[in-house]
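I opened this notebook page to record what I looked up on helix packing and aromatic rings. The model under study is predicted.

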Amino acid sequence: ELEFECICIRYSETQHPPVFASMMTSKLLLLVCYVSLLCLVSSSSLSSDLSGKSQPSSSKVSLGLYYESLCPYCSSFIVNHLTKLFEDGLISIVDLHLSPWGNSKLRSDNVTVLCQHGAYECFLDTVEACAIDVWPELRDHFPFIYCVESLVIEHKYKKWETCYEKLNLSSKPVADCLSSGHGKELQLQYAAETSALEPPHKYVPWVVVDGQPLYEDYENFISYICKAYKGNKVPSACAKYSSIRSLKVNRFPIVCRKGVNTMWELLERTKTSLLSYLTCLL
């Protein structure tokens, strides 16, 4: 444990500029340390448990998150709930798969993408798809996506490029992915993957554990993971979720349902028109 604490301290001091503390929240740093632990202490027995190397892939529980970048409930789930995977060794029994497409649609030409929350959502979905592609390791792409979605929650998502500096990542791989058209190909792959879901998704976030959707009980995903796990090394996190709680959702479901958000699109078009008009006046 002492070794890991030193590693995290060194990571923050050497991988980030002196203004790190003013640019990055402590929660994001903690997440980077959690995820980095999967590889930074690979020589220790602790790493053997947390990296999942001691667990055959067949014994791991598959966890799929189907989401869209600007759905506020997706952002909240990623930032406030999905990060629990990195507590108490839970990630050692999980194969996490992120699919940034959600309720987006393809027009009849099978090329043009229509996103629920406007064109910028399409762009950020592609950015996150590129991040997953160019940094396939979970320890690399998840902190980046976490950072972007944190900015969504703060209504600062157009500053998403600051995440490169916060995480000491090069912007070139993602930029190349976007400019080359590969990002578009990834979008279509995620579109096909989401369309193939059985049963079909009804809204996002759509959380699936071992092929079974959790519907509106998705925030209790850890309970389902622990119940589905059949391996021998049960993480201590599962002691907190010994059984799946039966909950009736009495409040309005916190999901983004299928269907284009026409009000969002109207507001985006109005904003663009006003900015263009003001530019002409100036």
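**Entry 1: helix packing.** I first looked up how helix H6 (residues 119-134) lies against helix H7 (residues 138-153). The two pack at an angle of about 165 degrees, and their axes are 9 Å apart. Angles over 145 degrees count as roughly antiparallel, so I recorded H6 and H7 as roughly antiparallel to each other. I noted the crossing of H6 and H7 as right-handed.

I then listed the residues that meet. H6 contributes Leu124, Val127, Glu128, Ala131 and Ile132, while H7 contributes His141, Phe144, Ile145, Val148 and Glu149. Sorted by class, this contact of H6 with H7 has seven nonpolar, one polar and two charged residues.

**Entry 2: aromatic pairs.** I searched the whole structure and found eleven aromatic pairs. One of them joins Phe86 and Phe142 in a tilted arrangement, at 5.2 Å centre to centre with 50 degrees between the planes. This pair links distant parts of the chain, 56 residues apart: Phe86 is in the loop between helix H5 (72-80) and strand E2 (94-100), and Phe142 is in helix H7. I checked burial for both: Phe86 is buried at a relative accessible area of 5%, and Phe142 is buried at 0%.

Next I examined Tyr203 and Trp206, which form an edge-to-face pair, 5.3 Å centre to centre, with 70 degrees between the planes. Tyr203 is buried, with a relative accessible area of 3%; Trp206 is buried as well, at 1%.

**Entry 3: aromatic cluster.** I recorded one aromatic cluster formed by Tyr120, Phe123, Trp135, Phe144, Tyr157, Trp160 and Tyr164.

Conventions:
Residues are numbered from 1 along each chain as its sequence is written. This is a predicted model: local features need pLDDT of at least 70, side-chain atom pairs count only at pLDDT 80 or more; totals for chains, interfaces and linings use all residues. Side-chain values use heavy atoms; hydrogens and water are left out. Axes are lines fitted to C-alpha atoms, for helices over the stretch in contact, and angles run from 0 to 180 degrees between N-to-C directions. Helices (H or I, at least four residues) and strands (E, at least two) are DSSP runs, numbered from the N terminus. Angles under 35 degrees count as roughly parallel, over 145 as roughly antiparallel, 65 to 115 as roughly perpendicular and the rest as oblique. A crossing is left-handed if the near helix is turned anticlockwise from the far one by less than a right angle, and right-handed if clockwise. Contact means heavy atoms within 4.5 Å. Ala, Val, Leu, Ile, Met, Phe, Trp, Tyr, Cys and Pro count as nonpolar, Asp, Glu, Lys and Arg as charged, and the others, Gly among them, as polar. Rings of Phe, Tyr and Trp (its six-membered ring) pair if their centres lie within 6.5 Å; planes under 30 degrees apart count as stacked, over 60 as edge-to-face and the rest as tilted. Buried means under 20% relative accessible area, exposed over 50%, partly exposed in between (1.4 Å probe, protein chains only).
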